[in-house]
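Could you help me learn to read a protein structure, one feature at a time? I would like the general idea and then the case at hand.

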Amino acid sequence: MYQGIAGALLMSVGFNSAPSALAERVQSGLMDVGALLQRVNEGDQSAWDDIVERFGGLVWSVARGYRLGALTDDVVQTVWLRLAEHSNRIRNPDKLASWLATTTRNEALRVSKKQAKSISLSEYPDASDSSVSGLDELVTDDDTLGHVLRAFTQLPEKDQELMRLLCTVPPLDYATIAEMLGRSIGSIGPSRDRSLKKLRKLLPAGLDDQAQRQRKDTAE
Amino acid sequence: MNSSAPGGVPDMTDDDLLATLGQALAAADPMPDHVAAGARAAFTWRTIDAELAELVFDSANELAGVRSEDVNRQVTFQAPGVEIEVMVIDDSTRRLVGQLIPPAEMDVELVAGDVVTSQRTDHLGRFTFDLAEPGPVRLVVLGADGEILVQTEWVLF
């Protein structure tokens, strides 16, 4: 059985970082968002907890893309407080991921503009961002996730921004991604292709075998 | 996807690669437990009976090029029949000044997590709070019997 640091990490931190297990549950339709929202609106805390479990990683990842440092926590908390009071206004449950992502973006931008007053964006100290040191630790390990992550962090910021939104669980539709980035919907597909090509060029040769093996093991 | 790219990964489809990236990001940078706990606890703050004053204007949303850096953050909340205008007048002390429109002498509260600060507005509906801690806050306007008349959306100053 393949067991790299990625596997160990996935198991050690529980639901927060188990997108594959989560994706399976999503796909098998065990959790219907409409039914969950209905129960939330009736005051059911456990349904709310299910929503947090299912969409928490999405909100967190989107917020992290704005490099807000410690303010990330406050942005994420604001988003969940908002949802708690807007849950009964979300008419189309399919749009919950989109609503959460755009709300996160809006809150992050408000805060980041405030930050930009004291520190210009070019001076923003990436090194103080705990996510960066976390990434560094992982990429020193020789495995597929580490390689992909290392390649990702070497991409230009624009590509990172797009790819982060393209790989969320659950996924965001192109319309939402386009709105969040202030681009046209038609540009997302071609940009995705270009960013993926750049990412592939940064990956070491022969990674595919490892990737295949890991995927096979994960599926078993 | 062909394999002509140098150092390319011929066997991974684009979708595979994105899924792997998603896994990598989630493994390297998962939502911390305390953030998840906060998200779950957000539900206990839900108050569906009170009128919600929505954020209808936020100077932080205006285009950066248009907004002078010296201008204070201004926010307007609106509910049927009432507006609440708020401004952060000093970024260092984080002093919040605001006004009810139409003006009225009312009890208002600043809710910041578990910390609630109360105040009576003056005859022009004005109030002042100091934002002691970072984090999302909301304003609440109380009626004569202490009931919640209107409360704002949560906002991060």
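Predicted model: local features only at pLDDT ≥ 70, side-chain atom pairs only at ≥ 80, totals over all residues.

The dialogue below goes through helices, then strands and their sheet, and then a loop residue.

Q: What share of chain A is buried?
A: A residue counts as buried when its relative accessible area is under 20%. By that cut-off, buried residues make up 48% of the 220 residues in chain A. The chain exposes about 10,100 Å², and 52% of that comes from carbon and sulfur atoms.

Q: Which contacts in chain A join residues at least 24 apart, as a share of those at least 6 apart in sequence?
A: Counting contacts between residues at least 6 apart in sequence, 64% join residues at least 24 apart.

Q: Where does α4(A) bend?
A: The bend is at F55(A), and it is about 50°.

Q: Is α4(A) mostly covered or mostly uncovered?
A: Mostly covered, since 14 of its 20 residues are buried.

Q: Let us move to strands. What is the order of the strands in the sheet of chain B?
A: In general, the side chains of a regular strand alternate between the two faces of the sheet. Here, nine strands of chain B form an open sheet with mixed pairing, in the order β6-β5-β8-β9-β1-β2-β3-β4-β7. The strands β6 (115–120) and β7 (126–130) of chain B stand at the edges with a single partner strand each, so one side of each has no neighbour in the sheet. Neighbouring strands are turned by 25° against each other on average, direction ignored.

Q: How many bridges join β2(B) to β3(B)?
A: Seven bridges join β2(B) to β3(B), and these strands run antiparallel. For one pair of residues, look at Q78(B), whose bridge partner in β3(B) is E83(B).

Q: Why is β2(B) largely enclosed?
A: Five of the seven residues of β2(B) (residues 73–79) are buried, so the rest of the structure largely encloses this strand.

Q: What can I look for in a hairpin, such as the one of β2(B) and β3(B)?
A: Look at the residues between the strands. This hairpin has two of them, and G81(B) takes a positive phi near 85°. The hairpin of β5(B) and β6(B) also has two residues between the strands, with G113(B) at a positive phi near 65°.

Q: Which strands does helix α5 of chain A lie across?
A: Helix α5(A) (residues 71–86) lies across β1, β8 (138–142) and β9 (148–152) of chain B. The helix runs at about 130° to β1(B).

Q: Finally, is S87(A) buried or exposed?
A: S87(A) lies in the loop between α5 and α6 of chain A. This residue is buried, with a relative accessible area of 1%. Leaving out residues up to four places away in sequence, S87(A) touches L37(A), V40(A), N41(A) and R46(B).

How values were computed
Residues numbered from 1 in each chain as written. Chains lettered and ligands numbered in written order. Heavy atoms only, no water. Buried < 20%, exposed > 50% of the residue type's maximum accessible area, 1.4 Å probe, protein only. Contact = heavy atoms within 4.5 Å. Areas by Shrake-Rupley, 256 points an atom, 1.4 Å probe, with all protein chains shown as cover. Bend = angle between axes of the 7 residues up to and from the residue. Helix = DSSP H or I, 4+ residues; strand = E, 2+ residues; numbered from the N terminus. Pairing = 2+ DSSP bridges. Axes fitted to C-alpha atoms, helices over the stretch in contact; angles between N-to-C directions.
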